[in-house]
Amino acid sequence: MLHVPSETIDITRFERLARAGRSSLARGDAAEASPLLREALALWRGPAMADLTEAGIEWPELNALENARHAAYEDYVQAELSLGRHHELVGELEAASAEEPVRERLCGQLMLTLYRCGRQSDALVAYQRTRSALVREFGLDPGQALRDLERRILRRDPTLDEPDGAAGTPSPTAATGTVPGVSEHSGDVTGTSAPAAAPPAQPGLQPAGPPLVRPYTTGEHPVERTHASVVLVSLIPCTGEGLDLDLADSEEIDALVKTVTAAMEEEVQRFGGTVRMTLNTSWLIVFGVPHSREDDPERAVSAARAVRRRLRSLLDVRPAPASFTAVSPRVVVATDEVVATYRSYGDEWPTTITGKALYACGRLMSLADSDRVRICDTTRQSVEDSFACSGTGRGGDGWEVDGTAPRRRTEPRLPFTGRQTDMHLLRTTLDKVLHRQRPQVLTIVGDAGLGKTRLVEEFLRDVEERETPVIQMTGRTPPYGHDVALSTLGGMLRRYAGIEESTSRAYAERQLREVIERLVGRNAKSSWLLHRLRPCLDPEGTHVEPETRREFGLAWRQLVEEIAADRPLIFVLDDLHWADETLLGVMAELSEHTGPVPVILVVTARPEVLQTRSCWRGGRHDAGTLTLDRLSDASIRTLISGHSAAAGADRMPAALWSADPDTVTGLVARIGGNPLFAGEFVRDRGGVGGQAALPRRIRRIVTARLDLLSRYERAVLRDAAVLGGRLWAGAVAAVSGQDRGDVGNTLRRLEAKALLQRVRPGSVEGDAEYVFTQTVVQEVAYGQLTRQARAEKHWRATDWLAALPAHRAGLLPHHFEQAVALGQRTEMSEQTTRCLSLRAQHSLAQAGERALAEGAYEAAAECLQSAIGLCPPHHPERQRLLSLYRQALALPRPRHHHRIPRQMSSTDVSEEEECPANA
């Protein structure tokens, strides 16, 4: 209840001085406003009521006081910038912005100060730091004024250098609500903005419309495009009217659905699928979301057949409720593109899955019957090597899977090339084992398709041709099944013991006993080995219990030791990455504890196995790792010739490759040294000019590899794919809108995983530069983005690339053209897409003029050419752009071929506009 004169209270003095300074600033008198605001700020000596703040008391009044202080400081900075004192401000402004990273006005003032001090790159870094803070804390992008300031800095707007310019305030574009570069009168592409007004009607040009600073938003939820195989199961009444509502009982139906669901989940789990949805008597099973595998279509068909068998057996034992006349399962499979939407990047499962695959399932279900599994044509093409299918006799009605007999494609024997060094290592390892009479483990690691299996096959063939006295035991791990360990090891044991597939169980056991007794004699040890190895004779009907895995592995080790003691042994296991825990345990026992006998244990695996089982990395005197590199271009050309010659005249004859070197060059670049990819491209008759669509199998293999990454790593890789050929850490950060440091660390991890390769030295000073190790990785990653996300990211890429030196301006046309083209395919109004096209035209024209002024004539021609392509016919700006384009072509420069603008047809170019033919 104290009565104190207002002039003796610091807060009232602060408010009076701040009001006076702000009034002077509003009148344009920065010289008077600056000392008033500085005096007001000098009254502060730390937080208001610091003792209460330290005690943890939070009052709204205290926050209001802090906001008033920050506002006064921002007004003071604006006054100082208006007086041209940016050099004096930069130090304290950087510190203030670091303390308050989410204050957009303060960030804008720092950006302008840094820009005027010649630190353009630091100004852009300040913007990205504030944007990352806003996204991280509030999930928001910066406001329109700050985004506009960033673009003005990128294009070096000359008005930013004027001390009279408003610092950190909305730009004329943001204030007036016009599209940058669109005049209010004629729609000309100019360097200034004007108040919005409807221009007179012209052909191909409409009013500019609302402001378009960020016309695209990727939404709050992560969305990705991918391919999946979907199984739809439905219990359809076979006779009568189906469900009799008068007799129906909900509890009986519920019990039936729960029983069927439990049985279905048990079957689907064996093949790696997920029961995603249950709608009364219909079930949706998904393969490929959230993680893809290269054999998802085959898994889906196998699961569909297993589910159908299980449900028919179940319904025979447990009849349907009395309200159903009869029930029989109908099962269909479709493979196509889907769109998965997640709540956040941390979610494992998507909230929704939509797309063509689900639509195709619905159509197939209307045509399906209960006798066979019906599949779409895409699925049939993917599984034709594993399942026999027959057409329905009606076009577009799908295919039916016949029986269980697979139809295996006979592969032509192609040249074995590019692996001479690797073959020498295998031979040396075998010679070492034979000489030392001790075991040796060799793990052959490589990505899918690099030829691990082919290398081992050639090695074993070489051993036979050299008549080396060794025994061969080979096996391949299946990617799924009832019991992977028993299936793999059982096949190896049966082949070694000479047991045929048609042999009865009793006779097979007798043969196995004879083999074991021949090796160890008839004693307690032979009985123990027979007991532990007996499950291998019937892999479908038995499984290894977790508590007996140790003894199972011990039995296999003793068997291998006895075989190798009798005769040197080559033990080969292909595709270890598919192994389950039981098989991994057996292989670990063999690799770590095998006694001093002459056995070479050869294992092939993909790199991911080294992340889960470090024992396969080597590091011991008796273990080593052979990592396969990609084949050279010369070796790939040899394979292409072999494939095309083996394919015959109806495919791709060898003469085509020898006659068209550009075709081979483009194809070799996309293959990226992978032998499997070479075969797939030739089989699809693709790769002509290197531009054909990716074969399905290659897409599935690459997608499965990318799905091994974390969700954030995949997101960064997709953003990198937007940039295409060469990419920079700063550009990827700008495209993604993420923190520069986080993006840089992620790019280094992607380099360690052989998805990216560092370019040294980089072409942009102070920024790491990368390229994709394989173009197909970039294609698949880019294809996983939605069109809306691609368009937004291409616009962001243009913002960053525009700040590069003029000779780099040739990178801009692709991104502007893609952004405009994708915008036309999204749900935007025609008026909005025209405005975007004009904005791109204006930006390209500016970049072309800047490159022309700085002597970068090739880059200038690229930009101007693209600007002409985006310019509507009869537009007044068109003649000026054509004149500049002719000028860029006429000036001396290195020989370079310039194409006619991609979006200009011959009818759009008048006789006066013809570009020089000899350019």
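**View 1. Tyr73 and Tyr76 are both buried.** Buried means under 20% relative accessible area, exposed over 50%, and partly exposed in between (1.4 Å probe, protein chains only). This is a predicted model: local features need pLDDT of at least 70, side-chain atom pairs count only at pLDDT 80 or more, and totals for chains, interfaces and linings use all residues. Residues are numbered from 1 along each chain as its sequence is written, and side-chain values use heavy atoms, leaving out hydrogens and water.

**View 2. The rings of Phe14 and Trp44 meet edge-to-face.** Rings of Phe, Tyr and Trp (its six-membered ring) pair if their centres lie within 6.5 Å; planes under 30 degrees apart count as stacked, over 60 as edge-to-face and the rest as tilted. By this rule there are 6 aromatic pairs. In one of them, Phe14 and Trp44 have ring centres 5.5 Å apart and planes at 85°, so the pair is edge-to-face. Phe14 and Trp44 are 30 residues apart, and their pair links distant parts of the chain. Phe14 is buried because its relative accessibility is 3%. Trp44, at 15%, is buried too.

**View 3. Arg711 sits with its charged end over the ring of Tyr342.** A charge sits over a ring if NZ of Lys or CZ of Arg is within 6 Å of the ring centre and within 35 degrees of the ring normal. For Arg711, the distance to the centre of the Tyr342 ring is 4.0 Å. The charged end of Arg380 lies over the ring of Trp399, 4.4 Å from its centre.

Technical notes:
Helices (H or I, at least four residues) and strands (E, at least two) are DSSP runs, numbered from the N terminus.
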